[in-house]
Amino acid sequence: MEEVTDPWAEVASSWNEDPGVVAYADAAMASLVSAISLGRETRVLDFGCGTGLLTERLAPLVKQVVAVDRSSAMVEVLAAKALPQVRFGVANWTPDTIGDDELAEGPFDLIVCSSVCAFLDDYTGTVAMLAGLLAPGGHFVQWDWELDPDADEPFGLTVDDIKQAIQGAGLEVVSVAPRFDVDIEGQLVQPLMGVGRRRTAGSPTNV
Ligand SMILES: C[S@@+](CC[C@H](N)C(=O)[O-])C[C@H]1O[C@@H](n2cnc3c(N)ncnc32)[C@H](O)[C@@H]1O
């Protein structure tokens, strides 16, 4: 059987102690709270949860967070936190397999992907798959590095990539823009925050 290597295994044990990563999680959480109302009835899916940095900030404010990640090493670190209101698991969901996992049981009022989408093999397909788990009026929120095509090693997503993925998933594009600066190893960077919303019956479609 082909051995599948986990690119996150090496960093999992130190991920929570990386100051840039922690600053990113704090800033993402602040941007989330200012964009979306969270409450005791809110069910959240943290897709690509890693070690649960966003999960642990969200859990005290909501009814439940379901936290999933493809990396078992990252999920092990989250598991050790024993967070209340959190269900978690290792998941490598595809549109064909997602129905087999009870953790994917929606509806969710909010789905968050913090620094995940640019790493996905099938970004647009994954957003469409996740959009199917949203409650009417529910939000999909992602944060990602903005792609600089002139960089030595281009990585990330453009505003148009994000708008197209959200729209292609049948969601209303609420906004796609930088919402915070974060200091990563002495360099100030501005990730993009994309917000989509599942329409309620009778709400207008994108034009
Ligand atoms: C940069 S880390 C971010 C982790 C966490 N969201 C955070 O903000 O600390 C990217 C994460 O995406 C996860 N990931 C990548 N592709 C995935 C997939 N197809 N399904 C689930 N998780 C995935 C990786 O395993 C990794 O934990």
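This report describes a pocket, the ligand in it, and a few backbone and side-chain details of a predicted model.

## The largest pocket

Rolling a probe the size of a water molecule over the atoms shows where empty space is left. In this model, the largest pocket holds about 1100 Å³ of space. Its lining is made up of 45 residues. Those nearest the centre of the pocket are Trp8, Asp69, Ser115, Val116 and Phe119.

At least two residues each come from the helices H2 (19-35), H3 (53-58), H4 (72-80) and H5 (123-131), and from the strands S1 (43-47) and S2 (64-69). Helix H2 gives the largest share, which is four residues. Sorted by class, the lining has 23 nonpolar residues, 14 polar ones and eight charged ones.

## The ligand

Where does the ligand sit? The space it takes is the largest pocket. Around the ligand there are 17 residues, and those that come nearest are Trp15, Gly48, Asp69, Arg70 and Ser114. Asp69 is also among the residues nearest the centre of the pocket. The shell around the ligand consists of ten nonpolar, five polar and two charged residues.

For Gly48 the distance is 2.7 Å, for Ser114 it is 2.8 Å, and for Arg70 it is 3.2 Å. On its own, the ligand has 600 Å² of accessible area, and the protein covers 94% of that area.

## Backbone details

Most residues other than glycine have a negative phi, and most peptide bonds are trans. Two places in this model depart from that pattern. The peptide bond from Gly106 to Pro107 is cis, and its omega is near 0 degrees. Pro107 belongs to the loop between strand S3 (86-90) and strand S4 (108-114).

The other place is Ser115, which is not a glycine but has a positive phi of about 55 degrees. Ser115 lies in the loop between S4 and H5. Ser115 is also one of the residues nearest the centre of the largest pocket.

## Contacts of Arg57

Arg57 is part of helix H3, one of the elements that supply residues to the pocket lining. Which side chain does the side chain of Arg57 join in a polar contact of 2.8 Å? The partner is the side chain of Asp26. The side chain of Arg57 also reaches a backbone atom, the oxygen of Leu53, at 2.7 Å.

Definitions and conventions: Residues numbered from 1 in each chain as written. Predicted model: local features only at pLDDT ≥ 70, side-chain atom pairs only at ≥ 80, totals over all residues. Heavy atoms only, no water. 1 Å grid on protein atoms, 1.4 Å probe; cavity = no way out; pocket = protein on both sides within 12 Å on 5 of 7 lines; lining within 4 Å. Points joined across faces, edges and corners; volume = space filled by probe spheres on them. Nonpolar A, V, L, I, M, F, W, Y, C, P; charged D, E, K, R; others polar. Near = heavy atom within 4 Å. Polar contact = N/O pair within 3.5 Å; in protein donor to acceptor, adjacent residues only side chain to side chain. Areas by Shrake-Rupley, 256 points an atom, 1.4 Å probe, with all protein chains shown as cover. Sits in = over half its atoms within 2 Å of the grid points.
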